[in-house]
Amino acid sequence: MEGTFAANPVLRRYWHAVTRPEALLAGPLAVTLLGQRVVVWRTPDGRLAVRAPVVGGGEAPLSAGTVVDLGLQCPYHGWTYDGDGRCVLVPSAGPGAALPPRAVLRSVHAAERYGLVWLCLDEPAAPIPEIAEDADRCFRRINQPVERWSASATRLVDNFLDTAHFPFVHLGSFGGAADPEVARVDLEPLGDFFGYQYEVVAYSIVLRTRNGRA
């Protein structure tokens, strides 16, 4: 069931956050999104480039290549692709040789927002979700690194919603200032959805959380 959901073609028309921009500082990055493998890199002029497929000559992954002045260089034959996915150099053909017109990597929609790299595999059905709090100075954005947890999805949700464990599990960090008594939570209208909200004092920072459904 999980594999079927992840491969559902309707998801290809929406934006997905896949990494942080800092991950591209070391060079090209291989990303698998909804079963589709792509390569993400930063062009020499600073643009974000995402292309598929991710395999160059000799089945060598382009993510193992190098970003040079002309673009992304394949680690096997040195074929080089610019930020638009066009092959601009075939070293073995010699100077001035015609470039293969079909040597073009397929484009993937990409954008940077909220300190994250977002991808959309097909024509976007909707824009990247708006997070109004990101422009509000009363809030601080914290982008956590990606972690793999050996736990069910319901356990993950429970971990984030259960505030009673903060003073004990997280005693050495933000839980040290948390009140062990959990205040009453009431369901109420919250803008365009119905749910609940609560605040957690973490040292001098107040964490505001909202949960519910439309």
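Is Asp-122 buried, partly exposed or exposed? With a relative accessibility of 29%, Asp-122 counts as partly exposed, because that class lies between under 20% for buried and over 50% for exposed. The structure described here is a predicted model. This briefing covers its nonpolar cores, its open sheet, its salt bridges and a nonpolar patch on its surface.

**Nonpolar cores**

- The largest nonpolar core holds 24 residues, and those with the most contacts inside it are Val-38, Val-39, Val-40, Val-50, Leu-62, Val-108 and Leu-119.
- Two or more residues of this core come from each of strand S2 (29-33), strand S3 (36-42), strand S4 (48-52) and strand S11.
- In soluble globular proteins, nonpolar side chains tend to be buried together.
- Leaving aside residues up to four places away in sequence, Val-40 touches Leu-24, Gly-27, Pro-28, Leu-29, Val-31, Leu-48, Ala-49, Val-50 and Leu-119.

**The open sheet**

- An open sheet is formed by 4 strands in the order S2-S3-S4-S9, with antiparallel pairing.
- S2 and strand S9 (106-107) are the edge strands; each has a single partner strand, so one side of each lacks a neighbour in the sheet.
- Strands S3 and S4 run antiparallel and are joined by 4 bridges.
- Val-40 has Val-50, in S4, as its bridge partner, and Val-50 is also listed among the residues that Val-40 touches.

**Salt bridges across the sequence**

- The whole structure contains 10 salt bridges.
- One of them joins the side chains of Asp-122 and Arg-12, with an N to O distance of 3.0 Å.
- Asp-122 belongs to the loop between S11 and H2, while Arg-12 belongs to the loop between helix H1 (2-6) and strand S1 (16-19), so this pair ties together parts that are 110 residues apart in sequence.
- Arg-12 is buried, because its relative accessible area is 19%, whereas Asp-122 is partly exposed.
- Glu-112 and Arg-42 also form a salt bridge, in which the closest N and O atoms are 2.5 Å apart.
- Because Glu-112 lies in strand S10 (residues 109-113) and Arg-42 in strand S3, this pair ties together parts that are 70 residues apart in sequence.
- Glu-112 counts as partly exposed at 40% relative accessibility, and Arg-42 is partly exposed with a relative accessible area of 24%.

- Arg-184 sits in the loop between helix H3 (166-169) and strand S12 (188-190).
- Its relative accessibility is 74%, so Arg-184 counts as exposed.
- The side chain of Arg-184 meets that of Asp-186 in a salt bridge (2.7 Å, N to O).
- Asp-186 is partly exposed, with a relative accessible area of 39%.

**A nonpolar surface patch**

- Trp-149, Val-157, Phe-160 and Leu-161 make a nonpolar surface patch of about 390 Å².
- Within this group, Trp-149 is placed in the loop between strand S11 (116-120) and helix H2 (153-161).
- Trp-149 counts as partly exposed, because its relative accessibility is 41%.

Definitions and conventions:
Residues are numbered from 1 along each chain as its sequence is written. This is a predicted model: local features need pLDDT of at least 70, side-chain atom pairs count only at pLDDT 80 or more; totals for chains, interfaces and linings use all residues. Side-chain values use heavy atoms; hydrogens and water are left out. Patches are made of residues with over 30% relative accessible area and no salt bridge: like charges are joined within 9 Å, nonpolar side chains (Val, Leu, Ile, Met, Phe, Trp, Tyr) within 5 Å. Accessible areas come from the Shrake-Rupley method with a 1.4 Å probe; for residues, only the protein chains shown count as cover. A salt bridge is a side-chain nitrogen of Lys or Arg within 4 Å of a carboxyl oxygen of Asp or Glu. Buried means under 20% relative accessible area, exposed over 50%, partly exposed in between (1.4 Å probe, protein chains only). A nonpolar core is a set of buried Ala, Val, Leu, Ile, Met, Phe, Trp, Tyr and Cys residues joined through side-chain atoms within 4.5 Å. Contact means heavy atoms within 4.5 Å. Two strands pair if DSSP finds at least two bridges between them.
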